[in-house]
2 protein chains.
Amino acid sequence: MIGIFDSGIGGLTVVQALKSMLPEYDMIYFGDTARTPYGSKSAKSVMEYALQDTEFLISKGAKLIVVACNTASSIAMEALTEKFDIPVFEVITPAAEHAVLVSKKLRIGVIGTRATINSGIYEKKILKLNPDAKILSYPCPLLVSLVEEGWIKKPETFMIVKKYLHPLKVRQIDTLIMGCTHYPILKDTIQRKIGKQVKLIDSSITIAENVKNFLKSNPDFDLTMQKNSKICFYVSDITEQFKHTAKSILKTSICLEPVNL
Amino acid sequence: MIGIFDSGIGGLTVVQALKSMLPEYDMIYFGDTARTPYGSKSAKSVMEYALQDTEFLISKGAKLIVVACNTASSIAMEALTEKFDIPVFEVITPAAEHAVLVSKKLRIGVIGTRATINSGIYEKKILKLNPDAKILSYPCPLLVSLVEEGWIKKPETFMIVKKYLHPLKVRQIDTLIMGCTHYPILKDTIQRKIGKQVKLIDSSITIAENVKNFLKSNPDFDLTMQKNSKICFYVSDITEQFKHTAKSILKTSICLEPVNL
C-alpha cells in the first residue's frame, strides 16, 4: 500500500497523479486538516506533525511513504528517513531535477509557502545539480487559502496570482516550479499570468513519476504491494468544505474516515 | 489575572480593547497558532481546543476567562461554563445586544468565519432579544488569512471585502456585526465598502466593556484580581509572521512563550 500525507487537501493532486500512473495500486491518504496549513507554522511543529503522520500511515499498512506536501518535504525528510526503515519519497527533488532538465536559460523560479521558501531547499537542490543555475524564489502564502476556499476562477485570485508572479516575470525566468501541492489546482491561472513561454513544473506529477520508476526498478519490493485499486482517505478533521474541494480535485466523491493523532 | 484565548492573532484586538479599558489588570493571552484557523475546522475539534485552551489559562493563574474568538464562543460556551467554575465571557452576546440597541431598522448584518455563521448563534441571540429583527449572515473565510498575512491596505483585500459585503449592502442593513476578532483590523475598509451610514459593531470592544462592567459590579471578585499592568503572551507555535502582525495590532513588541497543549 502506498501511504500519502499532506497538511490538508493539496496532496490530493499527488493522489490524482499516482492514480493515473499506477491505477491498480492500493493507497492510503492522510490529510492533517485539524492542523492545516503547515506552510505558516514553525519548522519544529511541521517536523513533529510529519513524524506523527508517517507513523499513522505505517500503522495502517503503508509500505512506502509519499510526503505530498512541499513544506513537510523541505523540513522533515532527514528525520523521516532516519526514523523509518521503508522508502520515503518527497516532492522537492524530482521537481528540482525536472526543472534543471528542461530549463534552457537556467533561470528557474520557485513559488511555495513561506515555510518552504524560507527553508531554501529548492535553491540547495538545484545548485547541487547545476551550480550555474539562477534561482528566484517567492512565497505565495495566500494561494493555499484561496484553493481551500475553492476560489479557483475568481478575479481576485487572478489578481493575487498576478501580483505574486510579477517579480518572477520581470526577472525573465524560463521555468517555474509550483513548489506546493495546492498550486497545480491553479495551474491555468499561473500559466496565463507568468506567460506561456515559461515551463511549469508540477511537483505532483514529477513525484508520481519518481514513485513509478522506483517500483519498476525494484520488482521484488513491488511484489509486496497490494494492487486492488483501493484508496482510503483519512483526515484529522472532517469539514464540508474539504469534501467539496476533494470532489472537485479527484472528480469523484470520497468517503472520509476521521482520525485523532 | 484575566485569561484570554483565541485561535491565533485575532484575539489580540480584544487584548488591545481590555488594555485600554482596564489598563492596570494583569492578563495572560494564549493564541493557538499551531491549530489556527479554528473557523474552518469542525465543531467537535473547536470544542476540544477551547477546553484545552481554558485549562491552560487556569493552570497559569487565570481567574476569569475571555473567549476572544467568535468561532470558539459560538461552539464551546456551554461546555466551558459546565466544566469550569469561574466566570467565562464570550464575544457573541455583547455584540448581539449592542446591535439590537443601536439598529434603527432592525436590519442587522453579521459577518464571520464559516464555523461561526454555520452555528447560527448570532441569529438565535438577536431573535431572542427582539423577534422582529431581520438578520442577514454571511461567511467571509478569506479575511482571516488576509489579516494574518498583514494584507490590510492591498487592493485585492479591498476587492474581496467588497465582494463579501455586496449581498449585505443590497439588502440595506443598517448595522453590521464584525463577528470575528480578526475583522476590526480591517475596520476602515469594511466601513468604506459597506457605506458610512451602516453602524459597525466591533465585538472586541463590546466584550471588553462587558468584562469591565462585571468587575465593577462584583467588587469582592474584583479584589482577587492582580493589578500590575502585566501581560504575558503564550502561543502554541511561534512564527515571525505572528510577531510581526502582533506588533502592528498592539503597537508594541511582545515576548512570546511557546507552549505545547
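Mentor: Start with a definition: two helices cross in a right-handed way if the near one is turned clockwise from the far one by less than a right angle, and in a left-handed way if it is turned anticlockwise. We will apply it to a predicted model.

Trainee: Which hand does the crossing of α1(B) and α12(B) have?

Mentor: The crossing of α1(B) and α12(B) is right-handed. Helix α1 covers residues 12–21 of chain B, and helix α12 covers residues 240–250. Their axes come within 9 Å and cross at roughly 30°.

Trainee: Are α1(B) and α12(B) roughly parallel or roughly antiparallel?

Mentor: Angles under 35 degrees count as roughly parallel. The two helices cross at roughly 30°, so α1(B) and α12(B) are roughly parallel to each other.

Trainee: Which residues make the contact between α1(B) and α12(B)?

Mentor: On the α1(B) side they are B:Leu12, B:Thr13, B:Val15, B:Gln16 and B:Lys19, and on the α12(B) side B:Phe242, B:Ala246, B:Ile249 and B:Leu250. Sorted by class, the contact of α1(B) with α12(B) has six nonpolar, two polar and one charged residues.

Trainee: Which residues of α1(B) are buried?

Mentor: Buried means under 20% relative accessible area. In α1(B), that holds for B:Leu12, B:Thr13, B:Val14, B:Val15, B:Ala17 and B:Leu18. The cover over these buried residues includes strands β1, β2, β3 and β9, together with helices α10 (203–217) and α12, of chain B.

Trainee: How do α1(A) and α12(A) cross?

Mentor: In chain A, the axes of α1 (residues 12–21) and α12 (residues 240–250) come within 9 Å and cross at roughly 30°. The pair α1(A) and α12(A) is therefore roughly parallel, and the crossing is right-handed. A:Leu12, A:Thr13, A:Val15, A:Gln16 and A:Lys19 of α1(A) meet A:Phe242, A:Ala246, A:Ile249 and A:Leu250 of α12(A). The residues of this contact divide into six nonpolar, two polar and one charged.

Trainee: Now a single helix. How many residues does helix α2 of chain B have, and how far does it reach?

Mentor: Helix α2 of chain B (residues 43–59) has 17 residues. From first C-alpha to last, α2(B) reaches 24 Å, close to the 24 Å expected at 1.5 Å a residue.

Trainee: What do the buried residues of α2(B) pack against?

Mentor: The buried residues of α2(B) are B:Ser45, B:Val46, B:Tyr49, B:Ala50, B:Leu51, B:Asp53, B:Thr54, B:Phe56 and B:Leu57. They pack against strands β1 (2–6), β2 (27–31), β3 (64–67) and β9 (231–235), and against helix α3 (70–83), of chain B. Just after α2(B), B:Gly61 takes a positive phi of about 110°.

Trainee: Where is a cis peptide bond found in chain A?

Mentor: In chain A, a cis bond joins A:Thr36 and A:Pro37, with omega about -5°. A:Pro37 belongs to the loop between β2 (27–31) and α2 (43–59) of chain A. In chain B, a cis bond joins B:Thr36 and B:Pro37, again with omega about -5°, and B:Pro37 lies in the loop between β2 and α2 of chain B.

Trainee: Is A:Thr206 buried or exposed?

Mentor: A:Thr206 is in helix α10 (residues 203–217) of chain A. Its relative accessible area is 6%, so A:Thr206 is buried. Leaving aside neighbours within four places in sequence, A:Thr206 is in contact with A:Pro94, A:Ala95, A:His98 and A:Ile201.

Trainee: Where does B:Lys125 lie, and what does it touch?

Mentor: B:Lys125 lies in helix α6 (residues 121–129) of chain B. At 28% relative accessibility, B:Lys125 counts as partly exposed. Not counting residues up to four places away in sequence, B:Lys125 touches B:Glu90, B:Ile92, B:Thr93 and B:Ala96. B:Ile92 is 33 residues from B:Lys125 along the chain, and their C-alpha atoms are separated by 8.1 Å.

Definitions and conventions. Residues are numbered from 1 along each chain as its sequence is written. Chains are lettered from A and ligands numbered from 1 in the order in which they are written. This is a predicted model: local features need pLDDT of at least 70, side-chain atom pairs count only at pLDDT 80 or more; totals for chains, interfaces and linings use all residues. Side-chain values use heavy atoms; hydrogens and water are left out. Helices (H or I, at least four residues) and strands (E, at least two) are DSSP runs, numbered from the N terminus. Buried means under 20% relative accessible area, exposed over 50%, partly exposed in between (1.4 Å probe, protein chains only). Contact means heavy atoms within 4.5 Å. Axes are lines fitted to C-alpha atoms, for helices over the stretch in contact, and angles run from 0 to 180 degrees between N-to-C directions. Angles under 35 degrees count as roughly parallel, over 145 as roughly antiparallel, 65 to 115 as roughly perpendicular and the rest as oblique. Ala, Val, Leu, Ile, Met, Phe, Trp, Tyr, Cys and Pro count as nonpolar, Asp, Glu, Lys and Arg as charged, and the others, Gly among them, as polar. The expected span of a helix is 1.5 Å times one less than its number of residues.
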